Structures are given as structure tokens and as C-alpha cells.
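Grab a pencil and open the model next to this page. We'll work through a few exercises together, one step at a time.

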Amino acid sequence: GLNLESTGIKPTVKDEFMVIVDFLRPGYESYRETQIQVLEELGISYISLEGSYELEEIRRIYSKAAVTFIQFPEAYGMPIAECLGYGSYIGTPDSSWPMAWRLDREVEVHGSGTLADCFLVYNDAADLKKKLAAMKESYDVKKTPLEVFGHYTKNYPDFYYGNKESLMDVLNKVEKGEIKFDY
């Protein structure tokens with residue numbers, strides 16, 4: 001786990017229902033194209049991440065989003081943790097993509113799994129369009145980020161508050177020489 005609480009990341013009131021489309025990933029272009037096409041068809045404003053950003057700048061962008069779309073399978077994904085901390089849903093075309101976030105214990109590494117309600121999982125363009133339209137219709141710029149954050153901290157507390165016991169365990173193993181680092 002980690003401690004995002006200490007960074008000041010917390011749910012924010014949104015100005016509008018706005019979406020972030022994460023950086024383009026080679027080999028996954030069709031997913032991004034589908035996301036952008038659906039957003040444009042629905043008239044939903046979005047920011048398409050490109051280039052590079054300073055930490056404060058990218059976090060400012062993350063804080064504005066109602067939904068953030070990931071672009072490829074990720075073992076953990078720090079942006080996922082940060083966006084959820086700001087109260088942004090995470091959109092994914094497959095529940096296997098955010099691997100560390102699956103709630104079921106007995107699951108294949110690259111297999112589908114169960115995610116908390118702070119994730120928006122869709123099957124194809126039609127499903128995404130239907131789910132985004134419904135989400136936009138019911139979205140409350142003040143309440144919904146708090147609800148998303150609640151799902152996040154209830155289901156993944158170690159990804160926001162950290163886990164001091166696990167940290168102490170690792171530090172003790174380093175001190176005893178059970179874990180060694182090659183520099």
C-alpha cells in the first residue's frame with residue numbers, strides 16, 4: 001500500500017462531467033479511438049493526455065475528471081489510485097486491465113475479475129455509450145466524487161491510507177538482511 005492521504009489528494013467538486021483519456025499506448029489505439037468517438041457522440045468534454053506534465057499539473061487535471069479511462073493493462077497504476085482519490089471513476093474495457101484492483105482472490109493474473117463500484121467496465125462502444133450517457137445523466141458534481149471516494153477507501157484502504165503493519169514487516173526484513181538490494 002501507500003499513503004495518498006498525506007499528499008492532500010481528496011475528492012473534489014467537479015466543474016462539469018468531464019473525462020480524461022489517458023496517454024496513448026502502442027498496440028491499444030483502438031480502445032482510445034472508441035472512447036474518444038463515444039465522448040464526441042455524447043458531447044462530453046474530455047482532456048486527451050499527451051506529452052509530459054509536472055506532478056502538480058497532472059494532479060490538477062486528475063482532480064477535474066468525473067471519469068478517467070485507462071489505456072492498457074496495468075499491474076497497479078499510480079494514476080488509478082490518484083484519480084480515485086480525487087473521486088474520479090476509472091473506465092476500462094476489461095476488468096482484467098486494473099490487475100491489482102480486482103477484489104476476488106482466486107483469479108488468473110490476466111483474467112477477468114470483480115472490481116469495486118468506483119470502476120466503469122464496458123464491453124464495446126455501444127455499451128460504453130449507454131453507460132456514459134446514464135452516468136452523465138445521474139452525475140452530481142458534489143456528491144458523486146464523494147461516493148466514488150467512499151467505494152475506493154472501503155474496498156482499497158491500503159491504496160489510500162497505507163498499511164503500516166506491512167511497511168514495518170518489510171523494514172524489519174531489510175534490517176535482518178532477509179531482503180537485500182543490489183545497487
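Helices (H or I, at least four residues) and strands (E, at least two) are DSSP runs, numbered from the N terminus.

Some ground rules: this is a predicted model, where local features need pLDDT of at least 70 and side-chain atom pairs count only at pLDDT 80 or more, while totals for chains, interfaces and linings use all residues. Residues are numbered from 1 along each chain as its sequence is written, and side-chain values use heavy atoms, leaving out hydrogens and water.

**Exercise 1. Work out the order of the strands in the sheet and find which ones stand at the edges.**

Step 1. Two strands pair if DSSP finds at least two bridges between them. Strand β3 (residues 67–69) and β4 run parallel and are joined by three bridges. In β4, Tyr 89 is the residue opposite Val 67.

Step 2. Follow the pairing across: five strands form an open sheet, ordered β2-β1-β3-β4-β5, with parallel pairing.

Step 3. β2 (46–48) and β5 each have a single partner strand, so one side of each is left without a neighbour in the sheet, and these two stand at the edges.

Step 4. Now look at the twist, which averages 20° from one strand to the next. Angles run from 0 to 180 degrees between N-to-C directions, and axes are lines fitted to C-alpha atoms, for helices over the stretch in contact.

**Exercise 2. Describe how α3 sits in the structure: what does it touch, and how many of its residues are buried?**

Step 1. Contact means heavy atoms within 4.5 Å. Helix α3 packs on the sheet and touches β3, β4 and β5, its direction making about 140° with that of β4.

Step 2. Count the buried residues: six of the eight in α3 are buried, so the helix is largely enclosed by the rest of the structure. They are Ile 80, Ala 81, Glu 82, Cys 83, Leu 84 and Gly 85. Their cover includes α2 (55–64), β3, β4, β5 and α5.

Step 3. Turn to the helix partner. The axes of α3 (residues 78–85) and α5 (residues 143–155) come within 8 Å and cross at roughly 130°. That makes α3 oblique to α5, given that under 35 degrees is roughly parallel, over 145 roughly antiparallel, 65 to 115 roughly perpendicular and the rest oblique.

Step 4. Name the contact residues: Ala 81, Leu 84 and Gly 85 from α3, and Val 148, Phe 149 and Tyr 152 from α5.

**Exercise 3. Classify the ring pair of Trp 101 and Phe 159, then that of Tyr 160 and Tyr 161.**

Step 1. Rings of Phe, Tyr and Trp (its six-membered ring) pair if their centres lie within 6.5 Å; planes under 30 degrees apart are stacked, over 60 edge-to-face and the rest tilted. The count by this rule is 19 aromatic pairs.

Step 2. Trp 101 and Phe 159 are 4.4 Å apart centre to centre, with 70° between the planes: edge-to-face. Both Trp 101 and Phe 159 are buried.

Step 3. For Tyr 160 and Tyr 161, the centres are 4.9 Å apart and the planes at 85°, so this pair is edge-to-face. Tyr 160 is buried at 4% relative accessibility, whereas Tyr 161 is partly exposed at 37%.

Notes
Buried < 20%, exposed > 50% of the residue type's maximum accessible area, 1.4 Å probe, protein only.
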